[in-house]
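User: Hello! I am new to this structure and would like to learn how to read some of its features. Could you take me through them step by step?

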Amino acid sequence: MSQLQASEVGLKSVGTLYHNLDYDQLFQHEQDQQEGTVAENGTMMVDTGKFTGRSPKDKYFVEQAPSQDNIAWGKINQPVSAEVFDELYADTVEYLAGKDLYVTDGFSGSNPATRKSVRFITEFAWQSHFVRNMFIRPEGSDLEGFASNFTIYNASNYLNKKWQKHGLNSDVFVVFNIEKNVAIIGGTWYGGEMKKGMFTMMNYWLPLEGKLPMHCSANIGKDDDVALFFGLSGTGKTTLSTDPNRRLIGDDEHGWDENGVFNFEGGCYAKVINLDPSSEPEIYKAIRKGALLENVVVDEEGNVDYNDGSKTENTRVSYPIEHIENFECTLMGGHPKNIIFLSADAFGVLPPVSKLTKEQAMYYFLSGYTAKVAGTERGITEPVATFSACFGEAFLPLHPTVYAKLLGEKIDEYGVNVYLVNTGWTGGPYGVGHRMSIKDTRGCINAILSGAINDSEFDTLPVFNLQIPKTLEGVNDEVLNPMNTWKEKDAYMQSLHKLASMFRKNFHRYDDASDEFDFSAAGPQL
């Protein structure tokens with residue numbers, strides 16, 4: 001029980017406040033309140049209701065000075081008036097008043113110079129468990145007099161019945177007030193809204209300080225060489241960065257400043273659909289007491305069927321990063337030696353690995369091509385080709401070129417190698433070909449990290465002008481050139497041109513940007 005008063009958490013009244021409960025206490029609350037069930041190995045399992053992914057159409061920023069001049073308004077960053085926010089905020093805190101609540105304090109950012117303190121106020125123990133897993137856990141003196149830079153009120157059971165009057169998309173809402181350092185969430189239980197909410201805020205704050213926030217995973221080798229893995233959900237960021245031969249810095253959200261790379265989080269959030277202990281042993285072993293499984297299917301004995309996607313293809317596990325045996329305890333590293341862009345190409349056109357020039361790196365970063373994976377967002381039931389700037393446009397409050405400029409400057413300053421890796425389909429498009437094997441992808445990644453790829457001879461992929469290695473140790477030569485994996489070569493070339501046209505059409509969005517971002521010549525040429 002907490003010594004906090006209602007006024008300290010911005011509420012008129014409270015029932016019992018449970019403040020910074022440890023894992024054992026949260027586990028007991030989850031059981032006592034029947035919020036979930038326990039797997040055979042002691043892992044807590046919960047269902048997140050009808051929302052098994054984020055609800056991006058219900059995300060808003062308050063349109064007010066001075067932040068309104070920085071935000072790139074549009075479908076991603078939708079405006080809401082200060083008056084509507086004030087009404088919604090009042091309704092949210094009124095709903096939470098008098099309830100038993102969980103208050104969880106944490107940090108976003110492992111670098112003490114730029115980290116932000118954040119306080120989460122939630123209705124359920126499992127939501128406190130989730131943010132305790134995902135954010136950096138304060139200890140000792142950090143907890144004494146903890147003062148939050150940002151507060152998230154999660155009233156997940158509250159629905160906004162006035163949503164039409166407010167001009168919103170539905171009765172669900174995720175609203176950020178930058179000037180008041182507050183976000184309110186209502187109508188969705190999905191924990192990822194809190195995680196990505198703070199990531200969105202870090203993507204607002206850091207570029208204004210000249211620091212680059214990144215939707216990427218990161219690891220570090222025995223020679224302290226850092227590698228970054230950019231990509232959207234389902235492209236392999238967590239799987240490929242979790243490597244027994246390299247220390248894990250983090251699996252999803254990082255910053256890059258003058259000292260190097262630093263994790264925003266204190267845990268990992270991995271997809272577990274079709275999880276295979278033989279190909280992803282580190283993640284499989286991380287699923288134990290203290291971890292939190294979401295929306296998985298189990299038998300009567302509590303055994304999880306990771307191949308069952310009947311609830312959602314976006315089955316997940318969150319766990320503290322300490323559950324990975326080989327993690328970097330500082331959650332920080334130096335400047336990266338290699339950057340890897342991960343794309344799940346649903347057309348089966350892109351090669352499993354290609355080496356990029358600086359100009360191509362900027363082009364593919366601004367393009368952010370991949371396929372949305374089933375279940376990651378509402379309404380997505382199978383992979384759909386998409387372009388998401390900077391491999392994370394859904395979380396970028398500023399214009400994509402702001403982040404691209406910072407990346408380009410750092411690539412130049414630190415001489416970073418950049419590669420494009422296709423973790424999607426080969427031998428044909430989705431429904432005809434098959435997903436690239438983790439074994440082949442790891443072979444490509446290992447060649448990048450060891451430098452062996454630089455000893456290869458290269459072919460050029462037509463139209464896209466990508467440099468493809470002819471041979472790589474541990475990878476079947478035939479797989480390296482995607483045309484070789486298709487039975488119908490004419491069909492491959494048709495798909496190649498179709499995808500190239502999609503790239504070119506998408507990149508026209510930057511026509512009104514400055515000459516500094518005219519990288520169209522580095523993309524496919526028809």
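Analyst: Happy to. Let us begin with salt bridges: a salt bridge is a side-chain nitrogen of Lys or Arg within 4 Å of a carboxyl oxygen of Asp or Glu. Please keep in mind that this is a predicted model, where local features need pLDDT of at least 70, side-chain atom pairs count only at pLDDT 80 or more, and totals for chains, interfaces and linings use all residues. Residues are numbered from 1 along each chain as its sequence is written, and side-chain values use heavy atoms, with hydrogens and water left out.

User: How many salt bridges does the rule give?

Analyst: The count comes to 25. One of them pairs Arg137 with Glu322, whose closest N and O atoms are 2.9 Å apart. To place such pairs we use helices (H or I, at least four residues) and strands (E, at least two), which are DSSP runs numbered from the N terminus. Arg137 is in the loop between helix H3 (125-134) and strand E8 (150-155), and Glu322 is in the loop between strand E20 (316-320) and strand E21 (332-333), so this pair ties together parts 185 residues apart in sequence.

User: Is Arg137 buried or exposed?

Analyst: The terms first: buried means under 20% relative accessible area, exposed over 50%, and partly exposed in between (1.4 Å probe, protein chains only). Arg137 has a relative accessible area of 18%, so it is buried, whereas Glu322 is partly exposed at 42%.

User: Which residue forms a salt bridge with Lys237?

Analyst: That is Asp252, with the closest N and O atoms 3.2 Å apart. Lys237 sits in helix H6 (residues 237-241) and Asp252 in the loop between strand E13 (247-250) and strand E14 (253-257), 15 residues apart. Lys237 is buried at 6%, and Asp252 is buried at 7%. Salt bridges that share partners also join Lys195, Lys196, Lys237, Asp252, Glu253 and Glu265 into one network.

User: Now for cavities. How many of 30 Å³ or more does a search of the whole structure find?

Analyst: On a 1 Å grid over the protein atoms alone, a cavity is a set of points where a 1.4 Å probe fits but cannot get out, and lining residues have an atom within 4 Å of a point. Grid points are joined across faces, edges and corners, and a volume is the space filled by probe spheres set on the points. The search finds one cavity of that kind, and the largest cavity has a volume of about 50 Å³. Its lining includes Phe199, Met214, His215 and Tyr403. Strand E11 gives the most to this lining, with three residues.

User: What about the backbone? Which residues are joined by a cis peptide bond?

Analyst: Most residues other than glycine have a negative phi, and most peptide bonds are trans. Here a cis peptide bond joins Ala65 and Pro66, with omega about 0 degrees. Pro66 is in the loop between strand E4 (59-62) and strand E5 (78-80).

User: And where does Asn181 lie?

Analyst: Asn181 lies in the loop between strand E9 (173-177) and strand E10 (182-186). Its phi is positive, near 55 degrees, in a residue other than glycine, and Asn181 is partly exposed at 29%. Leu331 also has a positive phi, of about 60 degrees, although it is not a glycine. Leu331 is in the loop between E20 and E21, and at 9% relative accessibility it counts as buried.

Definitions and conventions:
1 Å grid on protein atoms, 1.4 Å probe; cavity = no way out; pocket = protein on both sides within 12 Å on 5 of 7 lines; lining within 4 Å.
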